[in-house]
Amino acid sequence: MSGSLPTAIDARHLTYRYGQFTAVDHVTLRVRPSETMGLLGPNGAGKTTMVRMLTTLAPVQQGELHVFGMDARRQTTDIRSNIGYVPQQLSIEPALTGRQNVEWFARLYGVPRAERSDRVDEALAAMDLPDVADRMASTYSGGMVRRLEVAQALVNRPSLLVLDEPTVGLDPIARDGVWSQVRKMQARFGMTVLLTTHYMEEADALCDRVALMHHGALRAVGAPEVLKARISKVSPGATLEDVFRHYAASDLDAASDLDATSDLDAASRLHDEAASPQTPGSLREIRSSRRVARRVG
């Protein structure tokens, strides 16, 4: 599938300002079809604004953005029909059943009436929700709610799935459940996945590459293992959290400066070859399989 598709996300010199404050500062980023890309950074780094532009919820003020070859300035409707989006804030309607929530999104996405019932069943099954589909969503646990939101985002069979901190507040078992189902759907349909998360272990296990933002600019882009190796001289046995701290250390030590508007040096763009596709499973299993793949590949 990836061989016949244009670049999933092609962002060039994207800049977004709120008045005098620059939230996204000349970001250039390319994401390959079927890749899982993690967008990381401290609070206030510009991740959510970047996601809002990628999902056409915020306009492109400066620079260029194409999603699977579609121009984000002129083809917003086409882009929206090809993406699924799970925002940070809960997006379910608790007064509806799980099935009714997914049906509602199917209508919003314009899924043809003749296909709607099958698509809803497919999305619910993908997130392992058929047994509770006819219960009121207000009775769902936190993990079930998040899986329902992913089902809503999958009902239109998106080419790009955007997940903005989808597992925040979930216990480890619930987090594993969400990611296991997402990986199954990705393996089945070849979706590209862009996710933001503050869980470095999660990003390390799931992402082919990560892009680290700080003060609106990209500081590093690459496979987790490559970025960890890059700082190994100053931090032997480095983890992805060490990489995070390395590129944002000065302001993590002074958290009050996270929203400053000072100028930054141009972001370094350190691209590497994509890692091999992963098989579904828990975070521990995914991480293990990725390490084996890197050793033999």
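Leaving aside its neighbours within four places in sequence, which residues is V86 in contact with?

1. Let's start with that one. V86 touches R146, E149, V150, A153, V162, L163 and D164, once neighbours within four places in sequence are set aside; contact here means heavy atoms within 4.5 Å. V86 sits in strand β6, residues 83-86. V86 is buried, with a relative accessible area of 0% (buried means under 20% relative accessible area, exposed over 50%, partly exposed in between, using a 1.4 Å probe and protein chains only). V86 and V150 are 64 residues apart along the chain, yet their C-alpha atoms are separated by 6.3 Å.

2. A word on what you're looking at. This is a predicted model, where local features need pLDDT of at least 70 and side-chain atom pairs count only at pLDDT 80 or more, while totals for chains, interfaces and linings use all residues. Residues are numbered from 1 along each chain as its sequence is written, and side-chain values use heavy atoms, with hydrogens and water left out.

3. Now the overall picture. The protein chain comes to 10 helices and 10 strands; these are DSSP runs numbered from the N terminus, helices being H or I with at least four residues and strands E with at least two. Of the 297 residues in the protein chain, 52% are buried. Among contacts with a separation of 6 or more, 70% are between residues 24 or more positions apart.

4. Next, the sheet that β6 belongs to. It is an open sheet of 6 strands in the order β6-β7-β8-β3-β9-β10, with mixed pairing (two strands pair if DSSP finds at least two bridges between them). β6 and β10 (217-222) stand at the edges with a single partner strand each, so one side of each has no neighbour in the sheet. On average, neighbouring strands are turned by 15 degrees against each other, direction ignored.

5. M213 stands opposite L218 in β10.

6. Two helices to find against these strands: α1 and α5. Helix α1 (residues 47-54) packs on the sheet and touches β3 (36-40), β6, β7 (160-164), β8 (192-196) and β9, its direction making about 140 degrees with that of β3. Helix α5 (residues 142-154) lies across β6 and β7, at about 160 degrees to β6. Angles run from 0 to 180 degrees between N-to-C directions, and axes are lines fitted to C-alpha atoms, for helices over the stretch in contact.

7. How do α3 and α5 pack, by angle and distance between axes? The angle is about 30 degrees and the axes are 8 Å apart, so α3 and α5 are roughly parallel (under 35 degrees is roughly parallel, over 145 roughly antiparallel, 65 to 115 roughly perpendicular, and the rest oblique). In α3, G98, N101, V102 and F105 meet L148, A151 and Q152 of α5. By class, that contact has 4 nonpolar, 3 polar and no charged residues; Ala, Val, Leu, Ile, Met, Phe, Trp, Tyr, Cys and Pro count as nonpolar, Asp, Glu, Lys and Arg as charged, and the others, Gly among them, as polar.

8. Finally, α3 (residues 98-108) also packs with α4 (residues 113-126), at an angle of about 125 degrees with axes 10 Å apart. α3 and α4 are therefore oblique to each other. G98, R99, V102, E103, A106 and R107 in α3 meet R116, V120, D121, A123 and L124 in α4, a contact of 5 nonpolar, 1 polar and 5 charged residues.
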